[in-house]
Amino acid sequence: MKKAIIYIHGKGGCAEEAEHYKPLFENSDVIGFDYTSQSPWEAKAEFSAYFDAVSNEYEKVSIIANSVGAYFSMMSLSDRKIDQAYFISPVVDMKKLIEDMMTWANVTAPELQEQREIETNFGEILSWEYFCYAKEHPVIWTIPTHILYGDNDNLTSYETICSFANRIGATLTVMKNGEHWFHTQEQMSFLDDWIRRYD
């Protein structure tokens, strides 16, 4: 049976990160998705077209998605035939994350509505259009999913990830002292063990 794993990076990541996962899925082709989308409405077109092209070649397709890559996947691939999903530090409530970033930047909703976009001192651009889209399009996801979460994640609270995992029936694995970005040797070793458990 021909099986594929599509790896979907987070913000600032790259498709080459897929190389790390090849030894973990020896019986599957592991493919890095080099997407350019910056918003969920862009992702809806780009992710769908890419997934459809890849899935035509395989009998089973699973995805590994990081951070905002997981959010884009859920917004664009919820109706696709995906065997299972592995989400690493997924952004599961974009509306709440944008509200949190507005608080950090001391920006009110009326200010954002008036200015449309506001650049923050922590490198993110707040967008009224993005905020409205996130409010109007909550995540709907029914694909079998495994979630890996670091308990020092600075973007998503434990309560938010727990609530989401319970709502969609996902497994949730929490790494003590793990961060939003899994990158140290210890974190990657934990991540590898997590994938092996559910492969």
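The largest nonpolar core holds 50 residues. Such a core is a set of buried Ala, Val, Leu, Ile, Met, Phe, Trp, Tyr and Cys residues joined through side-chain atoms within 4.5 Å. Buried means under 20% relative accessible area, with a 1.4 Å probe and protein chains only. Ile63, Tyr71, Phe87, Met94, Ile98 and Trp141 have the most contacts inside this core. A second, separate core has 17 residues, including Ile5, Ala18, Trp194 and Ile195.

The model is predicted: local features need pLDDT of at least 70, side-chain atom pairs count only at pLDDT 80 or more, and totals for chains, interfaces and linings use all residues. Residues are numbered from 1 along each chain as its sequence is written, and side-chain values use heavy atoms, leaving out hydrogens and water.

Tyr71 touches Pro40, Val91, Met94, Tyr130, Ala134 and Val139, not counting residues up to four places away in sequence. Contact means heavy atoms within 4.5 Å. Of the chain's contacts between residues at least 6 apart in sequence, 66% join residues at least 24 apart.

The chain contains seven helices and eight strands. These are DSSP runs, with helices (H or I) of at least four residues and strands (E) of at least two, numbered from the N terminus. The radius of gyration is 17 Å, close to the 16 Å of the globule rule for 199 residues, so the chain is as compact as a globular protein of that length. The radius is taken over C-alpha atoms, and the rule is 2.2 Å times the number of residues to the power 0.38. Buried residues account for 49% of the 199.
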